[in-house]
Amino acid sequence: MAAAASYDDEFRSREALREAFGDSSESESDAPREVASPALVGGAGRERWRWEAVAGVRGLWLCPDFLSSDDQSRLLAAIQREGWFSDANNQAMKFGDLPPWAVELSALVRECICIGDVNVGIGPGWMNEDEDACPLPPDLLWREPLFDQLIANRYKPGEGICAHVDLMRFDDGIAIVSLESACVMCFSRECAAYDMQKRGENESTNVPVYLNPGSLVLMSGDARYHWKHEINRKPGAQLWNGRELDQDRRTSVTLRKLKASPN
């Protein structure tokens, strides 16, 4: 009964957010003043916002159509203007005061969480009755600032990331925006025996997720702390639906929140 109550509370919380911010089908002119619409997105973009709970990984959510093609181009141009990347450097990290475009992107992530439609899925491996009904728990969604650290990466074909869990210096709730080349990100348990009795022995310990250009991934709770994520872009490793993905340049923006320093 406690689990069901938790689900009901989260559902009511999300419905309250939808009442406050409107539905994803509303026009841009109806967007709330409290969360200003970033210049990155046009009104039509909100109609495509659909959240999917990734089967088997609690706290992992995907919005495949977060940014339209035009929005992706504008975001890439803003990153390019920073002048961060060169043949010798493919990564930039910023802390504290983020560039204006990153502040706008953070606001857009919050708006997408508030008004995007949610698909909780059906069948084995999908959300249990006590799974959060909102892609990000309210205590994380309404913190200020939502994010205060970013990493921008530019990967050449064949370059990826090793399996890892983000450092504990960062708080719960991490967002990743993918640009340019599509890829498969693989999630694996931090510990293969993690909570197996609670979750069932037949649950997979490796979960691939297809990240198309313009997609947004959110990790919180178990997905953030108990699952490693990696992108293996070596030849033959990027497989989806039985075919190997074409590997071109890929750019990503990761948004995180630093934990408060102890007094």
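Q: Is Glu-144 buried or exposed?
A: This is a predicted model. A residue counts as exposed when its relative accessible area is over 50%. Glu-144 has 61%, so Glu-144 is exposed.

Q: Which residue forms a salt bridge with Glu-144?
A: Look for a side-chain nitrogen of Lys or Arg within 4 Å of a carboxyl oxygen of Asp or Glu. Here the partner is Arg-110, with the closest N and O atoms 3.1 Å apart. Arg-110 lies in helix 4, and Glu-144 in the loop between helix 5 (138-141) and strand 5 (149-155), so the pair ties together parts 34 residues apart in sequence. Arg-110 is buried, at a relative accessible area of 10%.

Q: How many salt bridges does the count come to?
A: The count is 8 salt bridges. Among them is the pair of Arg-46 and Glu-111, whose closest N and O atoms are 2.8 Å apart.

Q: Which parts does the pair of Arg-46 and Glu-111 tie together?
A: Find each residue's element. Arg-46 is in helix 2 (residues 43-46) and Glu-111 in helix 4 (residues 100-115), so the link joins parts 65 residues apart in sequence.

Q: What is the relative accessible area of Arg-46, and what is that of Glu-111?
A: Under 20% means buried. Arg-46 is buried at 2%. Glu-111 is buried at 1%.

Q: Where do Asp-117 and Arg-50 lie?
A: Start with the contact. Asp-117 forms a salt bridge with Arg-50, with 3.3 Å between the closest N and O atoms. Asp-117 is in strand 4 (residues 117-119) and Arg-50 in strand 1 (residues 50-53), so parts 67 residues apart in sequence are tied together. Arg-50 is partly exposed, with a relative accessible area of 38%.

Note on methods
Residues are numbered from 1 along each chain as its sequence is written. This is a predicted model: local features need pLDDT of at least 70, side-chain atom pairs count only at pLDDT 80 or more; totals for chains, interfaces and linings use all residues. Side-chain values use heavy atoms; hydrogens and water are left out. Helices (H or I, at least four residues) and strands (E, at least two) are DSSP runs, numbered from the N terminus. Buried means under 20% relative accessible area, exposed over 50%, partly exposed in between (1.4 Å probe, protein chains only).
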